[in-house]
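I hope they are handy when you open the coordinates.

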Amino acid sequence: MVWTRLPLYGHSKPSTGGWQPLRFDGGAFHLKRTAELARALLVLRLCAWPPLVTHGLAFQAWSQRLLGSRLSGALLRASIYGQFVAGETAEEVRGCVQQLQAIGLQPLLAVPTEEEPDSAAKTSEAWYEGNLSAMLHCVDLSRAVADAHGPARNSLMQLKVTALTSPRLCKELSAWIQRPRGSSELRPERLAEAMESGRNLQLSCLSTEQNQHLQASLSRLHRVAQHARAQDVRLLVDAEYTFINPALSLLVAALAMRWNSSEEEGPWVWNTYQAYLKDTHERLERDAKAAHEAGLAFGVKLVRGAYLDKERSVTQLHGKEDCTQPDYEATSRRCDVTITLLTPLTKISHKSK
């Protein structure tokens with residue numbers, strides 16, 4: 001991960017704010033035992049095996065029935081879970097973070113919550129309130145595991161919007177945003193005011209139940225951002241599928257109105273841009289210009305993207321033009337172009353996937 005006030009193609013200069021330059025000299029391998037490297041290779045091969053990817057949850061259920069939950073859990077922790085999860089306790093997470101910091105990397109903690117947009121809708125706010133509690137705890141953990149000798153503002157945390165609001169509501173909002181004239185009601189300023197005041201937001205494009213859920217969602221997002229700001233933790237909001245991303249960007253813009261102002265010395269809320277989408281560079285330029293005109297700091301997390309197959313299948317299903325880059329090489333080229341054209345005053349978090 002790279003944090004810079006300079007173009008990434010510029011000449012090397014001393015890093016600011018305690019951040020160290022990212023190195024690709026193999027230093028990370030010195031921290032890993034042979035067994036850990038062998039496990040990483042095994043997991044890589046397993047994750048490239050289509051039957052496991054397609055039927056992973058079914059395999060996990062069979063494992064629990066055949067081996068029992070205890071032995072099945074131990075097998076999972078020794079393989080895929082152990083590879084991708086920093087730890088089950090705060091002490092385990094700290095140990096992992098210390099290893100990363102030893103080679104100049106900062107941790108980006110995330111609550112592992114994932115809900116498909118077409119999955120069964122949650123029937124109450126309790127599920128989202130439980131996720132809120134987990135995220136507030138993750139904010140505290142993100143601050144606690146930060147390098148005690150470095151600047152407090154090096155603490156980072158990933159925020160997944162669909163853990164706090166229904167993907168179906170995001171899909172509904174995105175549909176309205178993408179209409180030719182959009183909806184004049186769906187303005188970041190209006191949502192930001194509703195976040196801050198807690199007053200009910202009534203949008204004519206939503207039902208009474210949807211409006212109530214949106215208001216509760218705005219309250220949850222505000223509470224996470226407020227707590228993160230108090231703890232000096234920056235929130236990097238995750239991007240998801242293209243058919244809900246317009247709503248996610250709207251919610252990020254609303255958060256930015258409050259927490260990325262010059263008074264807050266932001267950016268405290270960063271949006272994510274997926275390089276494997278053809279329109280990423282244009283959206284990034286548009287959003288950077290809007291932030292500049294509003295006097296807001298602008299934070300960017302640039303990723304290659306993680307939903308390629310699903311995006312292509314959805315566009316084919318609806319007979320739309322493919323919105324993704326044709327291959328990995330094209331994505332990489334577009335990623336490099338996007339990085340080099342970002343303005344010198346932009347703070348960039350560059351994360352390859």
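1. Helix H7 (residues 167–177) and helix H9 (residues 208–230) are roughly perpendicular to each other, a label for angles of 65 to 115 degrees. Their packing angle is about 105°, and the axes lie 11 Å apart. Axes here are lines fitted to C-alpha atoms over the stretch in contact, with angles from 0 to 180 degrees between N-to-C directions. Helices (H or I, at least four residues) and strands (E, at least two) are DSSP runs, numbered from the N terminus.

2. On the H7 side of this packing are Leu-169, Glu-172 and Leu-173, which meet Gln-210, His-213 and Leu-214 of H9; contact means heavy atoms within 4.5 Å. By class, the contact of H7 with H9 has three nonpolar, two polar and one charged residues. In that scheme, Ala, Val, Leu, Ile, Met, Phe, Trp, Tyr, Cys and Pro count as nonpolar, Asp, Glu, Lys and Arg as charged, and the others, Gly among them, as polar.

3. A word on the basis: this is a predicted model, in which local features need pLDDT of at least 70 and side-chain atom pairs count only at pLDDT 80 or more, while totals for chains, interfaces and linings use all residues. Residues are numbered from 1 along each chain as its sequence is written, and side-chain values use heavy atoms, with hydrogens and water left out.

4. Strand S2 (residues 155–159) is largely enclosed by the rest of the structure, because five of its five residues are buried. Buried means under 20% relative accessible area, exposed over 50%, and partly exposed in between (1.4 Å probe, protein chains only). Ser-155, Met-157 and Leu-159 are buried on one side, and Leu-156 and Gln-158 on the other.

5. S2 has parallel partners: strand S1 (residues 108–110) over three bridges, and strand S3 (residues 233–237) over five bridges. Pairing requires at least two DSSP bridges between two strands. Gln-158 is the bridge partner of Ala-110 and also stands opposite Leu-236 in S3.

6. In helix H8 (residues 188–197), the residues Leu-191, Ala-192, Ala-194 and Met-195 are buried. They lie on the same side of H8, because they cover an arc of only 160° around the axis, taken from the directions from the helix axis to the C-beta atoms. The buried residues of H8 pack against H9 and helix H10 (245–259).

7. Finally, a loop residue: Ser-262 sits between H10 and strand S4 (269–274). Ser-262 counts as exposed because its relative accessibility is 54%.

Note on methods:
Parallel < 35°, antiparallel > 145°, perpendicular 65-115°, else oblique.
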